[in-house]
Amino acid sequence: MQYIAYRTYWRGSLVPPLIDQHITDVATARWGAVRNPRLAEIVRALIGHLHDFARDVQLTEQEWATAMDWLTRAGQISDDKRSELILASDVLGLSMLVVEMNYALHPGATSAAVFGPFHIEGSPELEFGADMAYGVPGEPLYIVGTVRDLDGRAIGGATLDVWQADADGMYEAQLDTAEARLRGKYTSRPDGTYCVRTVAPRGYSIPMDGPVGELISRTGISHFRPAHVHFRISAPGYEPLTTHLFQKNAAYLESDVVFGTKADLVVEFQRRPPGSTPDGRTSDVPWLLATYVFVLQPLP
């Protein structure tokens, strides 16, 4: 009788109907066959949460098709200089959540922030105080300070990979250029000191010409980021640190679209008159000074 019931429902098919919870159980069990235990754990949990989400919102076939199209277009607009899916992760708060879960912050260490979608590998190595904004218009900005450990000891030889957007809110990755632009790698001196010369960043809109912008534009959410400079700092024996420095009193600090603002990363850009600069040179025009101590955590 059971066979007849299935046969009647499926017009001759011998496969039982996979309805609601049953299909979730079958899919979860099937993906348990993944050879890597951690991958099996992740995929099985993903299936469960995705299926629960579909049930919770009663997802329609048209909505599912729209979502698949959105993901397809996000992939198509991405390339080696732009990741629309990372941007999607950022604006949905997932990137910062993963940062918070994976960066076990000691109370004295510098806070981490999102990596962002526009970092480029292979930035030029620059000397102490070298200008990574050479030729890019803007108000001169020096970022100086030290790299230290939790006990206050200087960390010499730390690499500071630095990048930022220009005055129009554009990263090099978004521009048609073959030259390194507003990015560079600095090295802390034996006493832990560093000196970055650049131009003052400005707040900017995230790219709105792709699927993420399309989604944001259908909300009342601000699509702007406050003025900031990206840092990725590494040194042997220490946890790598990816973070930002934000300009104090900049617009959008309270509504950063990628949830990256943290109080200990907000610094004042002090205005200085023409004259001596931290790199041992002089400036004919007024310039800005930001001072910050990066504190790294030891590797476990």
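Mentor: Keep in mind that this is a predicted model. Now start with a cavity. The second largest cavity has a volume of about 40 Å³.

Trainee: Which residues line the second largest cavity?

Mentor: The lining includes Phe118, Ile120, Trp163, Gln164 and Tyr171. Glu172, Ala173, Arg181, Leu182 and Arg183 belong to the lining too. By class, six are nonpolar, one is polar and three are charged.

Trainee: How is such empty space found in general?

Mentor: Rolling a probe the size of a water molecule over the atoms shows where empty space is left.

Trainee: Now the pockets. How do they differ from cavities?

Mentor: A probe in a cavity cannot get out, while a pocket is an open set of points. Here the largest pocket holds about 740 Å³ of space. Its lining has 21 residues, with Leu50, Phe53, Ala54, Leu59 and Trp64 closest to the centre.

Trainee: Which elements give two or more residues to the lining of the largest pocket?

Mentor: Three helices do: α2 (21-31), α3 (37-57) and α4 (61-77). The largest share comes from α4, with eight residues. The classes are twelve nonpolar, five polar and four charged.

Trainee: What lines the second largest pocket?

Mentor: This pocket has about 310 Å³ of space. Among its lining residues are Trp70, Leu71, Leu85, Ala88, Val212 and Leu215. The elements giving two or more residues are α4, α5 (84-91), α6 (94-102) and α7 (211-216). Here α5 gives the largest share, four residues. Ten lining residues are nonpolar, one is polar and none is charged.

Trainee: And the chain as a whole?

Mentor: The chain has seven helices and 13 strands. Its radius of gyration is 25 Å, whereas a compact globule of 300 residues would have one near 19 Å. The C-alpha atoms fill a box of roughly 95 × 40 × 35 Å along the principal axes.

Trainee: What share of the residues counts as buried?

Mentor: Of the 300 residues, 41% do. The chain exposes about 17000 Å², and carbon and sulfur atoms supply 56% of that area.

Methods:
Residues numbered from 1 in each chain as written. Predicted model: local features only at pLDDT ≥ 70, side-chain atom pairs only at ≥ 80, totals over all residues. Heavy atoms only, no water. 1 Å grid on protein atoms, 1.4 Å probe; cavity = no way out; pocket = protein on both sides within 12 Å on 5 of 7 lines; lining within 4 Å. Points joined across faces, edges and corners; volume = space filled by probe spheres on them. Nonpolar A, V, L, I, M, F, W, Y, C, P; charged D, E, K, R; others polar. Rg over C-alpha atoms; globule rule 2.2 N^0.38 Å. Buried < 20%, exposed > 50% of the residue type's maximum accessible area, 1.4 Å probe, protein only. Areas by Shrake-Rupley, 256 points an atom, 1.4 Å probe, with all protein chains shown as cover.
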